[in-house]
Amino acid sequence: SFLGGMRAVTWTQVAQYVVILLAFLIPVSWLAYKQLGNPIAAVAYASQLHKISQLEEQLLHSPKERSVQQIYQERADMLEAKLQDVPLAMERDRLVLHERLRYLRSIQADVGAIAAVSREYANLPRSPQEAEQLWRQQLQEYRERAQPLGGLPRHGQPFGGDPEGSAQERAQFNDERANFLALMFCLMFGTAGMPHLLTRYYTVPSVSAARTSVAWTLFFIALLYLSAPALAVLIKLEVMNNLVGVRFDELPSWIAQWARVDGSLLSVEDINRDGILQFGELRLGADLIVLAAPEIGGLPYVIAGLVAAGGLAAALSTADGLLLTISNALVRDLYFSRGTHKSSSEQRVIVSKFVLMGVALLAAWVAGQRSSDILPMVAMSFSIAASAFVPAMVLGIFWRGVTRQGAVAGMLAGLGITAYYILSHTQWVQSAVPAALLADGLWWGLQPISAGVFGVFLGTGVTVLLSLVTTKKNKKVSV
């Protein structure tokens, strides 16, 4: 991005998308061919849904699965008791581990057992605040895993809860459905309002070329996205058929390898001590479903490396366009906007290069703080783009009555309400700002990542109303 320009970034993104496409389609096509004899996963995977439903029915009635759920429920109850008096529970844990370590040393136990207890003792929380945060996270996890199917809804059921169950189950179903629809709304409108996507069509020579480019873009996006649900079904069937019910000492080697990389990606524990892996004892992170898909399907590890390269290519492809758009906007729309800085085109390019480098370093520093998970931050960026740009852009194209004052006010109103709702549910803002100034809970049960719903409608309304008012005033002045 620094050395090249819009043309260089465009062709770089083409190469990166080829990597993304191959990295995703090779594993999912292989799984479809392996299970169904048809490599077109998006077409063939539907027949596997019935098999998953049958396997889920068996797991729901399995005594061993229920024993696992019972143990997790007992762990959750123990954590709830510890959270009643955190300092006392910390002292008890410390004394128990200290006595266990002293006993193991006195009987000259196995070095591995002593080392395991020593690590557990060293990793005890240092403060009541740290302990409470850790235990609440574990409590949430144990509560989920104490539910049937490890807290996952049945694959044929789109949302949690039950539309025909108890009042609580109906409320959960409706809440998850509303949040899903709101998130889809924000993702669609946010995509339409992303500045680095809008500027991409400036690189084509004509309007017809732009339309052709959009058509091919939609085709390749559909090819990728329609395969995503197929991957979920095929991976789940592989796990249920080839992992669940296998002895722990016979599990494939990739499980131990990925568990060592990061416990949040994959964890297995023989919690009921029967030596056999139950579905509730396996925890797969969302990222691992893609990263380990080749090994789950029996492909060599080098394909897993290609998948990782595809993920990195996706990140770089997005970053390229964003960096170029941000730097150009700062230099051309702010620094040179009022004509006070006279310069040639070459000087503007040079300034934009160094602004790009500064923005990249700033982004790297912010990312290094790890203030939040990447997925909510990305979803929130779609909400911000949708609320700030889409109302003014769409109305400006299809309605001649939009005025400059209305468009600016609508953009500020949409962005303001979205940012307010997101920040009101951010932990560091809640600790620094009085609660009376923040949003009172969730509005209509919608999560902060879908805040763009409020911004789009408010921005549209403000743009329309203020445009009508300012149009009438301009007419009066002209008369």
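Let me begin with a definition: a residue is called buried under 20% relative accessible area, exposed over 50%, and partly exposed in between, with a 1.4 Å probe and protein chains only. Because of these limits, Phe219, at 46% relative accessibility, counts as partly exposed.

Two remarks on the source are in order. This is a predicted model, in which local features need pLDDT of at least 70 and side-chain atom pairs count only at pLDDT 80 or more, while totals for chains, interfaces and linings use all residues. Residues are numbered from 1 along each chain as its sequence is written, and side-chain values use heavy atoms, with hydrogens and water left out.

I turn to the chain as a whole. It has 20 helices and two strands; here helices (H or I, at least four residues) and strands (E, at least two) are DSSP runs, numbered from the N terminus. The C-alpha trace spans about 95 × 60 × 50 Å along its principal axes. Of the 479 residues, 34% count as buried. A contact means heavy atoms within 4.5 Å. Among contacts in the chain with a separation of 6 or more, 72% come from residues 24 or more positions apart.

Next, helix packing. Two packed helices are described by the angle between their axes and the distance between the axes. The axes are lines fitted to C-alpha atoms, for helices over the stretch in contact, and the angles run from 0 to 180 degrees between N-to-C directions. Angles under 35 degrees count as roughly parallel, over 145 as roughly antiparallel, 65 to 115 as roughly perpendicular and the rest as oblique.

How do helices α17 and α18 pack, and at what angle? Helix α17 (residues 374-398) and helix α18 (residues 404-424) have their axes 7 Å apart, at an angle of about 160 degrees. The two helices are therefore roughly antiparallel. The residues of α17 in this contact include Met380, Ile384 and Phe389, and those of α18 include Met411, Leu415 and Ile422. By class, the contact holds nine nonpolar, five polar and no charged residues. For these classes, Ala, Val, Leu, Ile, Met, Phe, Trp, Tyr, Cys and Pro count as nonpolar, Asp, Glu, Lys and Arg as charged, and the others, Gly among them, as polar.

With 7% relative accessibility, Ala388 counts as buried. Leaving aside residues up to four places away in sequence, Ala388 touches Met411 and Leu415. Its C-alpha atom is separated by 8.8 Å from that of Gly452, 64 residues apart along the chain.

I come now to the aromatic rings. Rings of Phe, Tyr and Trp (its six-membered ring) pair if their centres lie within 6.5 Å; planes under 30 degrees apart count as stacked, over 60 as edge-to-face and the rest as tilted. By this rule there are 15 aromatic pairs. One of them joins Phe219 and Phe220 edge-to-face, at 5.1 Å centre to centre and 70 degrees between the planes. Phe220, at 31% relative accessibility, is partly exposed. Tyr421 and Trp443 form a tilted pair, at 4.8 Å centre to centre and 40 degrees between the planes. This pair links distant parts of the chain, 22 residues apart: Tyr421 is in helix α18, and Trp443 is in the loop between α19 (427-432) and α20 (452-478). Is Tyr421 buried or exposed? Tyr421 is buried, at 0% relative accessible area, whereas Trp443 is partly exposed, at 24%. Ring pairs also link Tyr420, Tyr421, Trp443, Trp444 and Phe454 into a cluster.

Finally, two further residues. Ser227 lies in helix α11 (residues 227-242) and counts as buried at 4% relative accessibility. Beyond residues up to four places away in sequence, Ser227 touches Phe24, Leu25, Val28 and Ala42. Gly285 lies in the loop between β2 (282-284) and α13 (286-291) and is buried at 11% relative accessibility. Gly285 and Leu266 are 19 residues apart in sequence and 5.9 Å apart in space, C-alpha to C-alpha.
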